[in-house]
Amino acid sequence: MRLDKFLKVSRLIKRRTVANEACDAGRVTINGKPAKASTNVKVGDVIEIAFGTKNVKVRVLDIQDTTKKDEAKDLFEYVS
């Protein structure tokens, strides 16, 4: 699954266009490497997103094309 779509489906970022812009600006990394919006996401990848002064680091647990709001949190776990 594409990175921008995963970020939207998992609700880490609300809209796919915003996820695209974050990737283009270099604020998203996968396994420590800068990632484009089209980068393929696999189970076990560690995604880090820079939101202004706050960084969010998550590990991908599952990949689904669509999810309900309460099930979205099951797609990833926070990494400290």
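Author: A term to begin with: helices (H or I, at least four residues) and strands (E, at least two) are DSSP runs, numbered from the N terminus. This is a predicted model, where local features need pLDDT of at least 70, side-chain atom pairs count only at pLDDT 80 or more, and totals for chains, interfaces and linings use all residues. Residues are numbered from 1 along each chain as its sequence is written, and side-chain values use heavy atoms, with hydrogens and water left out.

Reader: Fine. Where is arginine 11?
Author: Arginine 11 sits in the loop between helix 1 and helix 2. Its phi is near 65°, a positive value in a residue other than glycine.

Reader: Which other residue has a positive phi although it is not a glycine?
Author: Asparagine 31, with a phi of about 55°. Asparagine 31 is in the loop between strand 1 and strand 2 (33–34), and it is partly exposed at 46%.

Reader: Salt bridges next. How many salt bridges does the structure hold?
Author: Three. A salt bridge here is a side-chain nitrogen of Lys or Arg within 4 Å of a carboxyl oxygen of Asp or Glu.

Reader: Which residue does arginine 2 form a salt bridge with?
Author: Aspartate 4, with the closest N and O atoms 3.1 Å apart. Arginine 16 also meets aspartate 4 in a salt bridge, at 3.3 Å from N to O.

Reader: Why does aspartate 4 count as buried?
Author: Because its relative accessibility is 1%. Arginine 2 is partly exposed at 35%, and arginine 16 is partly exposed at 33%.

Reader: And the salt bridge of glutamate 77?
Author: Glutamate 77 pairs with arginine 59, the closest N and O atoms being 2.9 Å apart. Here too the pair links distant parts of the chain: glutamate 77 is in strand 5 and arginine 59 in strand 4, 18 residues apart. Glutamate 77 is partly exposed at 33%, and arginine 59 is partly exposed at 31%. As for shared partners, salt bridges join Arg2, Asp4 and Arg16 into one network.

Reader: Now the surface. Which residues form a positive surface patch?
Author: Lys8, Arg11, Lys14, Arg15 and Lys69. Patches take residues with over 30% relative accessible area and no salt bridge; like charges are joined within 9 Å, and nonpolar side chains (Val, Leu, Ile, Met, Phe, Trp, Tyr) within 5 Å. Lysine 14 lies in the loop between helix 1 (3–9) and helix 2 (16–24), and it counts as exposed at 77%.

Reader: Which residues gather in a patch of negative charge?
Author: Asp62, Asp70, Glu71 and Asp74. Aspartate 70 is in the loop between strand 4 (54–60) and strand 5 (76–78), and it is exposed at 55%.

Reader: Last one. What does threonine 29 touch?
Author: Leaving out residues up to four places away in sequence, threonine 29 touches Pro34, Ala35, Val46, Ile47 and Glu48. Contact means heavy atoms within 4.5 Å. Threonine 29 is in strand 1 (residues 28–30) and is buried, with a relative accessible area of 19%.

Conventions:
Accessible areas come from the Shrake-Rupley method with a 1.4 Å probe; for residues, only the protein chains shown count as cover. Lys and Arg count as positive and Asp and Glu as negative; His and the chain ends are not counted. The place of a charge is taken as NZ of Lys, CZ of Arg, CG of Asp or CD of Glu. Buried means under 20% relative accessible area, exposed over 50%, partly exposed in between (1.4 Å probe, protein chains only).
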